[in-house]
Amino acid sequence: LGYSSMAKSHSLDQSFLNFSAKLGSDPLQVQGAGGNTSIKTGKTMWIKASGKELSNAQNDNIFVQIDLDAAKAAAFGKGDGSCKDTVMDSSVKLRPSIETTFHAILDWPVVVHTHSVATLVHAISPTGLSVAEKKLEGLPYTIIPYIKPGIPLTRLILKAANPKTQIFVLKNHGLICCGQTVLQVANLVEEVEKRLFMAERFSPSINLNTPITADYTISEESWISNDLNALAIVRAGSYYPDHVVFLGPGLPEKPDEKRPAFLVQNVGVYVKSDATKSQKAMLQCLSNILLRLPSKWKPEPIGTSAEAEIMNWDAEKYRQSLSLKS
């Protein structure tokens with residue numbers, strides 16, 4: 001059943017599907033299976049399913065319908081926080097996004113969460129966040145400190161939000177925009193992107209003729225291995241959750257059968273030949289951020305304990321498993 005008829009039977013606004021797909025098709029907004037969008041209709045909410053890609057919103061069944069009150073109850077401790085039991089059609093085997101609870105508690109009909117590169121450039125650095133505060137002046141925004149995604153993030157958002165808050169800059173994580181209509185949210189996203197825009201500092205050049213093996217290919221992100229500042233940042237750790245989910249902590253400097261990529265200083269970044277779309281997208285995201293990060297802004301990694309929380313989280317293991325099938 002294609003989305004031309006799915007949209008009608010599910011009462012999903014075509015503009016919502018179009019906007020979701022547009023976000024998912026822009027690597028500066030969403031990478032791989034990251035990001036999520038939702039729209040509320042009465043006592044239900046449609047939200048992207050975990051592990052699905054927003055880029056497929058127009059032609060694939062990537063959204064699940066959930067009981068809105070049940071999802072709100074999950075935010076306050078009912079259930080395990082996964083919201084699996086809030087899905088209204090028991091025959092649907094998709095899981096709601098791991099971020100379902102904050103979509104539910106935000107009292108706006110349309111909620112969009114992206115891993116915006118422009119936002120992340122600012123949000124991984126204390127200096128960047130101070131700059132963002134000035135750039136976003138006059139908008140209904142707030143900044144949320146880093147915390148584990150899911151229920152912990154939802155509760156922090158709930159404490160920080162007021163009825164007028166429509167923009168949330170998530171430290172070391174991304175961006176949330178909310179509104180009454182798809183058009184209003186699209187305009188908010190566009191305004192935030194315009195204000196936080198950071199141009200690439202230079203055009204990287206790499207040698208794609210570096211010797212490779214049957215198991216690995218050389219990555220277009222290999223410039224990182226030749227840039228001392230970028231190399232130091234990568235060696236210091238991970239800066240946002242999806243990097244850990246799809247690439248593991250940081251980037252190893254020797255082959256690891258459990259990791260999709262590794263880095264060799266002054267040589268390149270090697271990627272497994274069978275790396276998934278999401279894994280490659282996260283390498284591209286890292287490169288896009290480092291190309292835009294001012295040299296004087298010192299980014300702060302989320303730390304080893306936060307990395308371990310994500311790696312050992314069942315919800316993220318599920319998302320990883322779906323990625324390996326794509």
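Biologist: Leaving aside neighbours within four places in sequence, which residues is N172 in contact with?

Modeller: Taking contact as heavy atoms within 4.5 Å, N172 is in contact with L120, A123, I124, Y146, Y239, Y240, P241, E300 and I302. This is a predicted model, where local features need pLDDT of at least 70, side-chain atom pairs need 80 or more, and totals for chains, interfaces and linings use all residues. Residues are numbered from 1 along each chain as its sequence is written, and side-chain values use heavy atoms, without hydrogens and water.

Biologist: Nice! Why is N172 called buried?

Modeller: Buried means under 20% relative accessible area, exposed over 50%, partly exposed in between (1.4 Å probe, protein chains only). N172 has 1% relative accessibility, so N172 counts as buried.

Biologist: What makes the pair of Y216 and F262 edge-to-face?

Modeller: Rings of Phe, Tyr and Trp (its six-membered ring) pair if their centres lie within 6.5 Å; planes under 30 degrees apart are stacked, over 60 edge-to-face, and the rest tilted. The ring centres of Y216 and F262 are 5.0 Å apart with planes at 85°, so this pair is edge-to-face.

Biologist: And how do you know that Y216 and F262 are buried?

Modeller: Y216 has a relative accessible area of 12%, so Y216 is buried. At 7% relative accessibility, F262 therefore counts as buried too. Together with Y270, Y216 and F262 form one aromatic cluster.

Biologist: How many aromatic pairs does a search of the whole structure find?

Modeller: Four! Among them, F16 and F63 form a tilted pair, 5.2 Å centre to centre with 50° between the planes.
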